[in-house]
Amino acid sequence: MTPYYSDGAVTIYHGSCLDALPELEPVDHVITDPPYSEHTHSKQRSGHSLTSGHGSPRKIIDRPRDLGFAAMDAATRGFVCGDIARLAARWVVVFSDDESTHLWRADLTGCGLDYVRTGHWVKLGCTPQFSGDRPAQGAEALTICHRPGRKRWNGGGSHAVWTFPIVKHIGGVGRYHTTQKPEALMSELVTLFTDPGETILDPFMGSGTTLVAAKRLGRKAIGIELEEKYCAIAAERLRQGALDLHSSCEINGRIGNASMDSSQSTFLAEGSER
Ligand SMILES: C[S@@+](CC[C@H](N)C(=O)[O-])C[C@H]1O[C@@H](n2cnc3c(N)ncnc32)[C@H](O)[C@@H]1O
């Protein structure tokens with residue numbers, strides 16, 4: 001397999017992880033954010049709300065939203081879980097919508113891993129429920145598994161709940177991927193679950209946020225991505241190695257993101273209405 005990008009700490013492969021995973025050597029951990037369930041992909045909405053300037057909504061424009069990649073299917077999930085279980089020496093942390101955590105848990109444990117916990121990322125600033133007829137979705141799940149045996153992490157007795165603002169698209173800049181994870185969130189997970197010098201695999205790397213966090217924190221990382229445009233973006237982020245505007249805001253303001261939401265007259269909300 002020829003890497004798309006390699007810098008000594010991080011390697012990126014362009015292509016399907018279904019082809020790449022069987023070729024890889026064992027790693028220490030897998031931290032990944034795969035495509036969501038069909039349910040979530042089909043319910044995506046985005047809304048642009050104009051306000052009066054005093055915070056009260058004046059008008060909401062609500063429309064379907066295409067995430068730009070296909071939903072997860074059972075065959076892919078089963079195949080990927082088999083390879084993840086074979087490759088990971090310690091932690092396996094997989095993001096999903098709440099609706100499919102049980103499927104990831106069943107496939108990962110079916111491949112021999114221990115189920116440890118279901119964590120949650122509380123998504124500050126995510127979309128409201130445009131229809132107003134049910135509660136909005138406000139968090140994403142993380143299925144946390146481990147190879148059988150002694151477990152160790154760097155979080156002591158803390159809870160598997162992480163509260164960080166979503167990555168927003170402001171004035172055409174600042175977000176590289178439709179479902180980009182906040183760099184501060186990924187840095188927290190890398191810090192908690194892994195040690196310096198270890199190797200983290202993300203087989204659905206998107207714009208490479210896991211890899212950027214890993215490299216900055218002295219870990220090694222391997223990423224795989226189907227879309228070449230995201231490989232290029234990830235490589236550029238890794239080359240730059242600098243905090244972007246969103247990351248620095250998120251690190252400094254883990255609870256709340258007032259500096260980014262106070263654009264007086266508009267806000268942009270994207271997410272799923274389910
Ligand atoms: C939820 S996104 C990951 C976003 C990422 N966490 C970020 O911060 O940018 C999932 C990614 O998996 C990619 N993908 C889907 N199927 C794939 C496959 N079979 N192999 C590799 N990548 C795949 C999609 O193109 C998409 O970019």
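Leu103 lies in helix α4, which spans residues 101–110; helices here are DSSP runs of H or I with at least four residues, strands are runs of E with at least two, and both are numbered from the N terminus. This is a predicted model: local features need pLDDT of at least 70, side-chain atom pairs count only at pLDDT 80 or more, and totals for chains, interfaces and linings use all residues. Residues are numbered from 1 along each chain as its sequence is written.

- Leu103 counts as partly exposed because it has 17 C-beta neighbours inside 10 Å; a residue is buried with 20 or more other C-beta atoms within 10 Å of its own, exposed with 12 or fewer, and partly exposed in between, with C-beta atoms placed from the backbone.
- Gly78 is 25 residues from Leu103 along the chain, and their C-alpha atoms are separated by 9.3 Å.
- Helix α3 (residues 74–87) and α4 have axes that come within 8 Å and cross at roughly 50°; axes are lines fitted to C-alpha atoms, for helices over the stretch in contact, and angles run from 0 to 180 degrees between N-to-C directions.
- α3 and α4 are therefore oblique to each other, given that angles under 35 degrees count as roughly parallel, over 145 as roughly antiparallel, 65 to 115 as roughly perpendicular and the rest as oblique.
- The α3 and α4 crossing is right-handed; a crossing is right-handed if the near helix is turned clockwise from the far one by less than a right angle, and left-handed if anticlockwise.
- On the α3 side, Arg77, Gly78, Cys81 and Ala85 meet Leu103, Trp104, Asp107 and Leu108 of α4; contact means that C-beta atoms, placed from the backbone, lie within 7 Å.
- By class, this contact of α3 with α4 has five nonpolar, one polar and two charged residues; Ala, Val, Leu, Ile, Met, Phe, Trp, Tyr, Cys and Pro count as nonpolar, Asp, Glu, Lys and Arg as charged, and the others, Gly among them, as polar.

**Whole chain**

- The chain contains nine helices and 12 strands.
- Of its 274 residues, 40% are buried.
- Among contacts with a separation of 6 or more, 71% join residues 24 or more positions apart.

**Helix α5 and Met186**

- Eight of the 11 residues of α5 are buried, so α5 is largely enclosed by the rest of the structure.
- The buried residues of α5 are Glu183, Ala184, Leu185, Met186, Ser187, Leu189, Val190 and Phe193.
- Met186, a residue of α5, counts as buried because it has 26 C-beta neighbours inside 10 Å.
- Ile31 is 155 residues from Met186 in sequence, with a C-alpha to C-alpha distance of 8.9 Å.
- Beyond its neighbours within four places in sequence, Met186 is in contact with Lys181, Thr209, Thr210 and Ala213.

- The axes of α5 (residues 183–193) and α6 come within 9 Å, crossing at roughly 55°.
- That angle makes α5 oblique to α6, and their crossing is right-handed.
- Glu183, Met186, Ser187 and Val190 of α5 make this contact with Thr209, Thr210, Val212, Ala213, Ala214 and Arg216 of α6.
- The contact of α5 with α6 has five nonpolar, three polar and two charged residues.
- For α6 (residues 209–216) and α7 (residues 228–240), the axes come within 9 Å and cross at roughly 20°.
- α6 and α7 are therefore roughly parallel to each other, and α6 passes α7 in a right-handed crossing.
- Leu211, Val212 and Lys215 in α6 meet Ala234, Arg237 and Leu238 in α7.
- The contact of α6 with α7 has four nonpolar, no polar and two charged residues.

**Val122 in strand β7**

- Val122 lies in strand β7, residues 114–124.
- Val122 is partly exposed, because 15 other C-beta atoms lie within 10 Å.
- Thr163 is 41 residues from Val122 in sequence and 4.6 Å away in space, C-alpha to C-alpha.
- Not counting residues up to four places away in sequence, Val122 touches Gly138, Ala139, Val161, Trp162 and Thr163.

**Ligand shell**

- Asp33, Phe204, Gly206, Ser207 and Thr209 come nearest among the 20 residues around the ligand; a residue is near a molecule if its C-beta atom, placed from the backbone, lies within 6 Å of it.
- α1 (17–20) and β11 (220–225) are the elements that give two or more residues to this shell.
- By class, the shell has nine nonpolar, seven polar and four charged residues.

Notes
Contact = placed C-beta atoms within 7 Å.
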